[in-house]
Amino acid sequence: MLSEDEVKPFSVFISSSQTEFGKLRENLKERINSEPFVNQQIMSGVLIEHKRGEMIAKDIQTEIEKCSIYVGIFGRKESVWTFAEYRAARARGLPVLIYQFSRRKKPGRPRKTERRGRKSEVQKFLEKEVKSQGIRIRGPYRNEGRLEEDILRDLTSQMIEMIEEASEVRRTIHKGLFLA
């Protein structure tokens, strides 16, 4: 329960492949959770970690319902749960911030699972379900520190946009009440 002087933080759902971005996810959550504003925590990062089985779909839905913003980080590895989290966030109407991370490829033969010239399943997903909806995909990033900085900057901008939108809705409602 929040005291009278405390504010409820914006909950930010952090989505990515756990195996590919485990450390980045934890760092980002810590950075989000430590962003102060006049001695108040204004954001709270949410992760669904190390879960398996059918219950994870319910966990995704439950956590997405509580969140205000979705952050999706997509890399090389296909993650059906990351795709599901994105779809749940879109179905809920959350603002989505999408980032693509690409590690530098070494010269030589491509991996068996990643043939040069062919689109990966992640790339196909991003084109079909993200770009086609007019959603901006930032990146590709090659440096995790830079990615974290841009995510925090974008979260601040998104929160300001949401506050302005809520303020406009309040003005419209109150204007309608006085005209009625």
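Is Glu65 buried, partly exposed or exposed? I found Glu65 partly exposed, at 42% relative accessibility. My cut-offs: buried is under 20% relative accessible area, exposed is over 50%, and partly exposed is in between (1.4 Å probe, protein chains only).

Ground rules before I go on. This is a predicted model, where local features need pLDDT of at least 70, side-chain atom pairs count only at pLDDT 80 or more, and totals for chains, interfaces and linings use all residues. Residues are numbered from 1 along each chain as its sequence is written, and side-chain values use heavy atoms, with hydrogens and water left out.

Overall layout. I get five helices and seven strands for the chain, in the order β-α-β-β-β-α-β-α-β-α-β-α. Both kinds of element are DSSP runs numbered from the N terminus: helices are H or I with at least four residues, strands are E with at least two. The chain has 180 residues, and 37% of them are buried. Of the contacts (heavy atoms within 4.5 Å) with a separation of 6 or more, 75% are between residues 24 or more positions apart. The accessible surface is about 12,000 Å², with 50% of it belonging to carbon and sulfur atoms; the areas come from the Shrake-Rupley method with a 1.4 Å probe.

Salt bridges. I count a side-chain nitrogen of Lys or Arg within 4 Å of a carboxyl oxygen of Asp or Glu. The whole structure gives 12.

Back to Glu65: its partner is Arg92, with the closest N and O atoms 3.3 Å apart. Arg92 sits in helix H3 (residues 80-92) and Glu65 in helix H2 (residues 55-66), so the pair ties together parts 27 residues apart in sequence. Arg92 is partly exposed, at 34%.

Next, Glu149 and Arg31, whose side chains meet at 2.7 Å, N to O, in a salt bridge. Glu149 is in helix H5 (residues 144-179) and Arg31 in helix H1 (residues 18-33), so this pair links parts 118 residues apart in sequence. I note Glu149 as partly exposed at 37%, and Arg31 as partly exposed at 27%.

Then a pair within one helix. Glu121 bridges to Lys124 at 3.2 Å between the closest N and O atoms. They are three residues apart in helix H4 (residues 121-130), which means about one helical turn separates them. Glu121 is partly exposed at 40%, and Lys124 is partly exposed at 42%.
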